[in-house]
Structure formats: structure tokens, C-alpha cells
Amino acid sequence: MSDFVRLDSVTKVYQGGITGALNDVSLSVDEGEFAVIMGPSGSGKSTLLNLVAGLDRPTSGRVAVRGVDIDKLGEAALARFRRDSIGLVFQFFYLLPNLTALENVLLPAQLKGNNAAARARELFERLGIGEVAERFPARLSGGQQQRVAIARALINEPALLLADEPTGALDTHSGEQVMELFSQLHRSGQTIIFVTHDPRLAKRYATRMLTVTDGEIVDDIHSTPSRLQEVS
Ligand SMILES: Nc1ncnc2c1ncn2[C@@H]1O[C@H](COP(=O)(O)OP(=O)(O)OP(=O)(O)O)[C@@H](O)[C@H]1O
Ligand SMILES: [Mg+2]
């Protein structure tokens, strides 16, 4: 049971859905992987990610993260699991407009005590946004907002970083900066599952390329990301 993330025969049928959004999917992701999920619109990519995040529950099957069956957790335990183990980044950054960048990042850390502020500052520096900590989101570029959202995802040092098209709303340059951050995080050991429409991003960064079609994994390729060859 060394699988970091494991899905066994997972099916998800949404209420009112005629066919499953995911159909009998089994998958295992190891620690340290940068797994990219590709596939057409509506194929089930976000559904898969949300099940791993504990944001949603499977209709049937088992979802386990680091050996814990999260589909069997009660609501409170599931919320704790999300807070402590999962970092989530979305296409639209979902920063709270009335809080500064720094306050947004500290929000998930509120119950975690005193070192959070220092750690948040450190993350801002590391992500190259040290100068925007006191600004409100409306005064940040899209790329800066996404980097704040990444800092927020990382503040509790999650075992798993999950991203759903995090470059989808960014211009090419900001998108590349954000991808470089994910790549750095991966090189420092972070396990990442990443949804994208862009096969070029997958080739450049992924150690694993999964293709989802009609709620099934139809292709699963282990690869050496070209970005790593450039770095070493
Ligand atoms: N909350 C929901 N309620 C009902 N049906 C849903 C819900 N979320 C997704 N679906 C349906 O489940 C299927 C898979 O959706 P999903 O969002 O996982 O696709 P996706 O691969 O992420 O697509 P996209 O690339 O457009 O983001 C689609 O048919 C979608 O309409
Ligand atoms: Mg989606």
C-alpha cells in the first residue's frame, strides 16, 4: 500500500446524469510524480481531481490518499483532510476581494498557529511576489493573483498539490511563470496532479501523462519531462 493516491473502480454519476462522469476508473499515483491529466471538455478531468481533493464523493469505488480511505470519512474529518493534506489551485483564482494578498494566504492557516505569517512571507518571496503582499487582489495582474493562490495552496505544506487548468486564464508569459513555479515545486519533491488542455505543457513538465475520454482513462504514459533535461 505504498500508493500515494489510489482510486479503485471509481464511478461518479452526478444527480440527473444519465451516464457516469467517471466510469470504473482505477489509478495509482506515486509520491513525487508530476501527473498531468488531459482530455476533451466534459471528459471527467475536474471530476477526477475533485474526488482526489475530497471536494466530492464517488458514487461507488474507493479513493485513498496516503492509505486513508477518504470516501469513508465523515464531513468533519474530510474537511480536516482537505485543510491538512491538499493544496488546490483553480483556473480562476478565487481570492477574497476584501482581504489583502497576505490575508488571503493566511486564511487556510488560521487554525495552525503562529509561524504562518513568517511562512507566508517566505512563500511570497519564493514565488516572486514579495512586493504585492499588502495589496488587494483587484490591484494584481492575473499572473500575480495566481501566484497568490499558489501560496495559499502551499501554506499548510500539503502532501498533494492539485491544479485544475491553473494557466487557463493567463497570458502566455504569466502562464509560463506559473508553470516554472510548479516545476520548481516538483523538483523539490512536491507531488502534483495537474489538469490541462495543453499537450505541450504536459510534455514539458509531466512525469506521467494521463488521458481521460468519456469518463475513462484511455492512455497512461510515463515520461521524462523535457524541462528536467534542460535543467540537469
Ligand atoms: N456538478 C455537476 N452536476 C452534474 N453534472 C456535472 C457536474 N459537474 C460535471 N458534470 C458533468 O460531468 C461530466 C464531466 O465533467 P467534468 O467537469 O469533470 O469535465 P472536464 O473534463 O473537467 O471538462 P472541462 O475541460 O470542460 O473542464 C460532464 O458531462 C459534465 O457535464
Ligand atoms: Mg474541468
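User: Which strands does helix α1 lie across, and at about what angle does it run to β1?

Analyst: In this predicted model, helix α1 (residues 45–53) lies across β1, β2 and β4 (60–65) and runs at about 125° to β1. Helices (H or I, at least four residues) and strands (E, at least two) are DSSP runs numbered from the N terminus. Axes are lines fitted to C-alpha atoms, for helices over the stretch in contact (heavy atoms within 4.5 Å), and angles run from 0 to 180 degrees between N-to-C directions. Residues are numbered from 1 along each chain as its sequence is written.

User: What makes β1 and β2 paired strands?

Analyst: Two strands pair if DSSP finds at least two bridges between them. Strand β1 (residues 5–12) and β2 have five bridges, in the antiparallel sense, so they pair. Leucine 22 in β2 is the bridge partner of lysine 12.

User: Why do β2 and β5 stand at the edges?

Analyst: The open antiparallel sheet has the order β2-β1-β4-β5. There, β2 (22–29) and β5 (68–69) each have a single partner strand, so one side of each is left without a neighbour in the sheet.

User: Why are α5 and α6 called roughly parallel?

Analyst: The axes of α5 (residues 142–154) and α6 (residues 172–187) cross at roughly 20° and come within 9 Å. Angles under 35 degrees count as roughly parallel, over 145 as roughly antiparallel, 65 to 115 as roughly perpendicular and the rest as oblique; α5 and α6 are therefore roughly parallel to each other. Residues making the contact include Ile150 of α5 and Phe182 of α6.

Note on methods
Chains lettered and ligands numbered in written order. Predicted model: local features only at pLDDT ≥ 70, side-chain atom pairs only at ≥ 80, totals over all residues. Heavy atoms only, no water.
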